[in-house]
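Please keep the sequence and the coordinates at hand while reading.

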Amino acid sequence: MDQIVKSLTSTFAQEQGITALEESVQFEAFVANATLSAFYDEEFNPLDFVIGAGGDLGVDIAAIVINGDLLLDAVDVEQAVSASKQLDVKFIFIQAKRPESFTAAVFTDLADNLRHLIKDDTLRYPANADVVNLREAIKHVFADLSKFTNGLPTVIVRYATTGVVGDALLEEKRQSAIKVLDDTNYFDKVVVEAVGARQLRDQHQASTSAVTAQFSMDKRLTLPKMPGVNQAFIGVLAAKDLVAMITDGSGGIRKSLFFDNVRDFQDFNPVNQEILASLNDTTRKSQFSVLNNGVTIVTRSLTPAGDEFSISDFQIVNGCQTCHVLFHAKDQLNDDVHVSLRLIQSQDEDVIAGITAATNRQTAVSDDDLEAREQYHKDLEALFTTFPAGQELHYERRSKQYAGQEIERTRILTRSQLVRTYASMFLDEPARAGRYVRELRETRKNDLFNPSTNTLAYYASAAAYYRIEWLLRNKRLDRKYSPARYQLLAALKLRVLGDKPLPQGDRKSKTELDKLLKVVWDAQASEQLVNELLPALDKAVEAETPGVALNRDTVRTRSFTDRFKAQVLALPPRA
């Protein structure tokens with residue numbers, strides 16, 4: 001194994017808390033993180049996309065990117081497809097091996113297995129549960145071809161080792177693999193690549209770097225100095241440059257740049273259809289900058305040099321709909337299409353929150369609610385930093401805000417992860433927490449990040465999640481229980497605090513949450529408590545699906561949640 005990659009893998013394993021796993025699994029997780037980070041800017045658990053474990057058909061890592069969301073679970077994929085009017089899909093399949101050499105036949109064998117996985121009605125080879133799930137996910141993607149208005153999916157196949165790319169036979173086999181997959185007629189674009197030690201190092205470096213952008217803006221007005229604002233400009237930006245700014249290294253849209261928008265992309269509703277129509281009209285296309293409200297970018301780092309601008313750690317706080325429509329229509333853009341741009345540099349969080357509120361007034365969200373919820377996220381971020389060593393967690397309010405810092409990655413939680421953990425523990429939603437998180441955010445939006453909720457509840461749910469993940473990573477908890485991690489979160493709360501909701505008021509709720517945290521941060525006590533819950537979990541599984549082992553489908557049903565809950569509540573009182 002290449003020594004540099006070995007060292008990077010070792011460091012990565014320590015950051016991820018997976019040193020107890022086999023070196024081969026550590027390497028697969030390293031490759032998964034390095035590769036998939038080019039498609040998705042948020043923090044994610046790379047082990048969720050590692051499927052190589054016998055019966056894997058040569059696929060060690062798999063993921064499906066749907067309209068910018070990184071998915072693999074078949075139910076998540078089905079929901080994402082169902083919720084979208086138009087689809088932009090990328091399939092990623094990787095075989096990752098540690099030797100410093102390539103086996104040329106891997107390309108053609110892998111391509112043949114993938115063709116079989118995608119096209120054939122029945123599987124001819126033994127397949128593990130992850131591969132069966134992957135096959136179902138692929139079927140869901142192709143369930144409605146009318147949604148592929150911008151072209152069929154792209155498939156990206158990579159064979160990664162710690163060797164050196166350049167062998168003639170390897171190139172011949174790579175071209176053969178492209179033909180096999182292209183002949184399926186399931187893809188608009190087929191990419192088959194050999195990835196060696198040098199490429200892995202570059203991909204890993206990119207995965208740990210903050211998002212940056214460079215662009216030209218020769219038509220602009222510099223705004224006068226104002227409190228809390230370092231620099232500010234109003235100008236006109238070429239639409240093609242804006243699209244380049246929001247495009248990630250894989251050619252997809254950077255969803256993380258729109259976290260501060262009140263609404264996600266609303267698909268092609270009448271307003272967005274009208275924006276798209278203006279780009280199809282020759283005259284109106286050139287008038288785009290005056291027909292459209294444009295975009296507002298807030299950046300914490302800005303370096304102007306003449307007409308050239310370089311920004312990093314930035315958010316598009318207004319113009320989400322415009323950006324998505326332009327991205328969709330990127331092939332129709334020419335040098336005549338421009339967008340109005342407000343570019344503001346500030347490190348003052350109050351100023352940034354005010355800009356976000358002011359630029360989103362046209363939405364149905366009130367100013368007071370918007371400002372309160374934004375302040376709530378800032379309070380969460382601050383709270384997470386107040387705990388002592390060993391209990392520290394970090395809320396990633398902005399994408400990759402901790403990039404380059406020596407922080408254990410498993411201690412960083414994103415907004416999506418907090419939605420899942422809090423909903424599981426305190427909203428009785430463990431069955432839906434493992435699903436497509438956008439659905440959960442929409443259906444429980446009034447209960448999530450509500451300013452009336454004690455922020456400590458989110459920290460407590462994150463701490464409990466960290467503890468369960470720690471037990472899984474360190475093999476203190478059998479990985480067969482991994483699909484039930486959110487159900488176990490709900491059970492921990494039931495066992496420690498009972499079935500009653502958290503009391504109102506920060507003081508009363510803190511008293512209850514401190515009881516939970518005392519158990520969670522005691523490694524021995526928390527492990528003992530989880531082990532006490534496993535017999536109840538096993539009984540609920542057997543009652544729900546007799547003779548069938550615990551799997552991701554079991555834990556997604558409300559009936560299973562109710563069975564497990566009843567079993568937990570029936571346990572003898574804790575000593």
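## The chain as a whole

The model is a predicted one, and its secondary structure comes to 22 helices and 13 strands. Along the principal axes, the C-alpha trace spans about 75 × 65 × 45 Å. Buried residues account for 55% of the 575 residues. Of the contacts between residues at least 6 apart in sequence, 71% join residues that are at least 24 apart.

Two packed helices are described by the angle between their axes and the distance between the axes.

| Helix pair | Axis distance | Angle |
|---|---|---|
| Helix 18 (residues 455-473) and helix 20 (residues 506-520) | within 10 Å | roughly 15° |
| Helix 1 (residues 3-16) and helix 2 (residues 23-36) | within 9 Å | roughly 90° |
| Helix 1 and helix 7 (residues 197-207) | 9 Å | about 35° |

How are helix 18 and helix 20 oriented to each other? Their axes cross at roughly 15°, and the two helices are therefore roughly parallel to each other. Helix 18 passes helix 20 in a left-handed crossing. On the side of helix 18 the contact is formed by L456, A457, Y459, A460, A463, A464 and R467, which meet K510, L513, D514, L516, L517 and V520 of helix 20. Sorted by class, the residues of this contact comprise 10 nonpolar and 3 charged residues, with no polar ones.

The crossing of helix 1 with helix 7 is left-handed. Here I4, V5 and L8 of helix 1 make the contact with A197, L200, R201 and H204 of helix 7, which by class gives 5 nonpolar, 1 polar and 1 charged residues.

Most residues other than glycine have a negative phi, and most peptide bonds are trans. Against that background, F449 has a positive phi of about 55° although it is not a glycine, and K475, likewise a residue other than glycine, has a phi near 60°. F449 lies in the loop between helix 17 (437-443) and helix 18, whereas K475 lies in the loop between helix 18 and helix 19 (485-497). F449 has a relative accessibility of 6% and so counts as buried, while K475, at 46%, counts as partly exposed.

## Selected residues and their surroundings

L427 is located in the loop between helix 15 (415-426) and helix 16 (430-433), and because its relative accessible area is 14%, it is buried. Leaving out residues up to four places away in sequence, L427 touches Y422, R444, D447 and L448. The C-alpha atoms of L427 and L502 are separated by 10.0 Å, although these residues are 75 residues apart along the chain.

D331 and K240 are 91 residues apart in sequence, and their C-alpha atoms are 9.3 Å apart in space.

F233 belongs to strand 8 (residues 231-238) and is buried, with a relative accessible area of 6%. Neighbours within four places in sequence aside, F233 is in contact with M217, R220, L221, T222, L223, L302, F309, L341, R342 and L343. F233 and V165 are separated by 68 residues in sequence and by 46 Å in space, C-alpha to C-alpha.

Conventions
Residues numbered from 1 in each chain as written. Predicted model: local features only at pLDDT ≥ 70, side-chain atom pairs only at ≥ 80, totals over all residues. Heavy atoms only, no water. Axes fitted to C-alpha atoms, helices over the stretch in contact; angles between N-to-C directions. Helix = DSSP H or I, 4+ residues; strand = E, 2+ residues; numbered from the N terminus. Parallel < 35°, antiparallel > 145°, perpendicular 65-115°, else oblique. Left-handed = near helix turned anticlockwise from the far one by under 90°. Contact = heavy atoms within 4.5 Å. Nonpolar A, V, L, I, M, F, W, Y, C, P; charged D, E, K, R; others polar. Buried < 20%, exposed > 50% of the residue type's maximum accessible area, 1.4 Å probe, protein only.
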